[in-house]
Amino acid sequence: MIKKSYYATPKFDSSKKKFTVEHTVSDTVSDTVSDTVSDTVSDTDEKYWIDKGWKLSSLTPSNLFNEETYHVQIMDAFRTAIKINPKSIEAHLGLSAAYWNAGFMEAATESVDNALGIDRKNWKVWETRFFISLNMLSFEDAKISLEVIKDLNDLPQEIYEKMLNEFEKRKKIDQSWSK
């Protein structure tokens with residue numbers, strides 16, 4: 001069995017506060033396939049890379065990955081899926097979540113905006129945009145997302161109400177801090 005091994009080696013440049021990544025992809029022959037580090041995969045299998053990104057994001061950094069490597073591996077999985085299918089909403093949202101979890105809010109916003117460029121009527125994209133805006137304390141952007149979501153009428157009412165309540169709660173907290 002041919003096994004595709006994929007490794008991303010991150011290097012953190014502290015002067016630029018930026019990651020650079022060295023990629024290594026190799027084919028080996030193996031009788032077993034490990035689910036955590038490498039799998040049998042086609043270079044054009046978008047679903048594989050999306051699943052890998054979500055699987056990795058469900059783990060926590062451990063002796064297998066330090067925290068920097070962990071986030072880079074997740075981001076690289078979703079980026080690979082996007083290279084295979086640039087119009088994949090799920091891959092863009094996955095990449096956005098990976099950026100968000102790594103603390104790169106502007107990159108998370110950019111990834112969601114890329115998804116909006118593909119489908120402006122997808123409530124999941126607007127929901128993600130809402131929560132990123134809320135976490136960045138960009139209440140105007142969060143309010144716009146809420147208005148669009150309400151107009152789409154695809155989101156269950158109870159979820160919309162929870163989002164609206166979260167918006168009001170966060171706005172009150174922010175107002176109390178600014179006094």
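**View 1. V148 in helix 6 of a predicted model.** V148 lies in helix 6. Helices here are DSSP runs (H or I, at least four residues), numbered from the N terminus. V148 is partly exposed, because its relative accessibility is 22%; that class falls between buried (under 20% relative accessible area) and exposed (over 50%), with a 1.4 Å probe and protein chains only. W126 sits 22 residues away along the chain, and the C-alpha atoms of V148 and W126 are 7.5 Å apart.

**View 2. A negative surface patch.** E140, D141, E147 and D151 form this patch. Like charges are joined within 9 Å, placed at CG of Asp or CD of Glu. E147 belongs to helix 6, residues 139-152. E147 is partly exposed because its relative accessibility is 42%.

**View 3. L137 and its positive phi.** L137 is not a glycine, yet its phi is positive, about 60°. Most residues other than glycine have a negative phi. L137 sits in the loop between helix 5 and helix 6.

**View 4. The largest nonpolar core.** This core holds 36 residues. V125, F130 and F167 have the most contacts inside it. Core members are buried Ala, Val, Leu, Ile, Met, Phe, Trp, Tyr and Cys residues joined through side-chain atoms within 4.5 Å. Helix 2 gives the largest share, seven residues.

**Notes.** The model is predicted: local features need pLDDT of at least 70, side-chain atom pairs count only at pLDDT 80 or more, and totals for chains, interfaces and linings use all residues. Residues are numbered from 1 along each chain as its sequence is written, and side-chain values use heavy atoms, leaving out hydrogens and water.

Definitions and conventions. Patches are made of residues with over 30% relative accessible area and no salt bridge: like charges are joined within 9 Å, nonpolar side chains (Val, Leu, Ile, Met, Phe, Trp, Tyr) within 5 Å. Accessible areas come from the Shrake-Rupley method with a 1.4 Å probe; for residues, only the protein chains shown count as cover. A salt bridge is a side-chain nitrogen of Lys or Arg within 4 Å of a carboxyl oxygen of Asp or Glu. Lys and Arg count as positive and Asp and Glu as negative; His and the chain ends are not counted. Helices (H or I, at least four residues) and strands (E, at least two) are DSSP runs, numbered from the N terminus.
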